[in-house]
Amino acid sequence: MKHLIRLSLLFVLLLAVTRPVSAVVFVHLSDTHINVTGKGRFSQESIPTLRRAVAAIRIIKPAFVIVTGDITEYGDEASMAAYWAEIEKVGVPVHTVQGNHDKPRKPERFNRVVGATHPVFDIEGCRFIGLNLDLADEALALLKEQLADAKAKGIRSVFTFAHYPLLAPDNAAFNLSPGCASLQGERALRYLALAQEGGIVAHFCGHLHSSYDVADPYTGILSLPVPGCVDHKGAFRVCSVTDGVLSWSVFDGSTWPLAILESVPPHVRSGTAFLEGKVSLQLLAFGPEPVLEATLGGVGRDVLPPVVCTTAGRAFEGTLDCTQLKSNFYNLRAHLVDAAGNASDRTWRVLVKGGK
Ligand SMILES: [Fe+2]
């Protein structure tokens, strides 16, 4: 009862008919390893898994897609062309960088078939800088230029995307075990110095083929590798940027509906971003059918009473009153049910600076 009285004050979940004006929704995909050579690894599954991802992305309708390398297994022209033929079916701009499997030190074929070596674009006050880090000196020079230009133009939110992560498992100082490389040594320090000065929020990447979301402990810059598309059922990351705050959900298209908790940065290892005061929550749902019910609550010791929306839609708003919570980690869970009866749960771990 005490829980109910205390916690019923915490959430008021109201239906909102539109998403926040400032939100940008995009998809981060990686490691498709397309192989149409008829031999070797991924020759059977690479095209079907990419098609699965593309079908899901078409339902989400993001503003754009970034792809962080290893688009092919062998870097051959036929596989690059097959990659592009499939990925362009998402129907929105796609910005791709090369990975170590894409012959990254010789970008001419990639340039001819896919696009620029270091793609850069602006959208809704954000700048995205794609880097081929196998050409590290060139990439870091371009990064320096782009950050200076962004600063001159008053662009506040800058993101980078490349194949290699900034940090990888079992190592927090860039000295990596074989086969698990990240941006290393002096080049990592150069990146981080530029990134810190330029206010980079996050670095999207692949290469690890698994999740290892982590913040650089010295600069706070997020390193966000997404699970490999080819070996995780076409998985990808759906992201939103709202007023400079990045949020995301990783998804493989197997259970609709999907949701992002906009405006709320998920906690990652070594991350220090926290929520305090009264926080506006924006729950944005995606799926082939409209969402009829959305419940937002807590998981674990601090169970929050569910609040259900009963009107069809895909954007919901609520308020989290952190002043009624203790400083701690909380798992916020959304439960969604769509018009076809499909149900799914999504959970975000957040750090709260409470008032108790
Ligand atoms: Fe890969």
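## Overall make-up

The protein chain has six helices and 19 strands. The model is a predicted one. The chain runs to 356 residues, and 47% of them count as buried.

Sequence distance matters for reading the contacts. Take the contacts in the chain with a separation of 6 or more: 68% of them join residues 24 or more positions apart.

## The nonpolar core

The largest nonpolar core contains 92 residues. Seven residues have the most contacts inside this core: I57, V65, F236, V238, A259, L283 and A285. Helix α2 (residues 46-60) gives the core its largest share, seven residues.

Domain 1 (2-18 + 271-353) and domain 2 (24-242) each supply at least three residues.

## Around F236

F236 is among the core residues with the most contacts inside it. Which residues does F236 touch, leaving aside its neighbours within four places in sequence? The partners of F236 are V27, H28, L29, A53, I57, V226, C229 and F251. One of these, I57, is also on the list of core residues with the most contacts.

## Helices α5 and α6

Helix α5 covers residues 136-152, and helix α6 covers residues 185-198. The two pack at an angle of about 5°, and their axes lie 10 Å apart. Angles under 35 degrees count as roughly parallel, so α5 and α6 are roughly parallel to each other.

On the α5 side, the contact is made by A136, L140, L143, K144, L147, A150 and K151. On the α6 side, R187, R190, Y191, L194 and G198 take part. By class, this contact has seven nonpolar, one polar and four charged residues.

Notes
Residues numbered from 1 in each chain as written. Predicted model: local features only at pLDDT ≥ 70, side-chain atom pairs only at ≥ 80, totals over all residues. Axes fitted to C-alpha atoms, helices over the stretch in contact; angles between N-to-C directions. Helix = DSSP H or I, 4+ residues; strand = E, 2+ residues; numbered from the N terminus. Parallel < 35°, antiparallel > 145°, perpendicular 65-115°, else oblique. Contact = placed C-beta atoms within 7 Å. Nonpolar A, V, L, I, M, F, W, Y, C, P; charged D, E, K, R; others polar. Core = buried A, V, L, I, M, F, W, Y, C linked by C-beta atoms within 7 Å. Buried ≥ 20, exposed ≤ 12 C-beta atoms within 10 Å, placed from the backbone. Domains from an automatic or database assignment.
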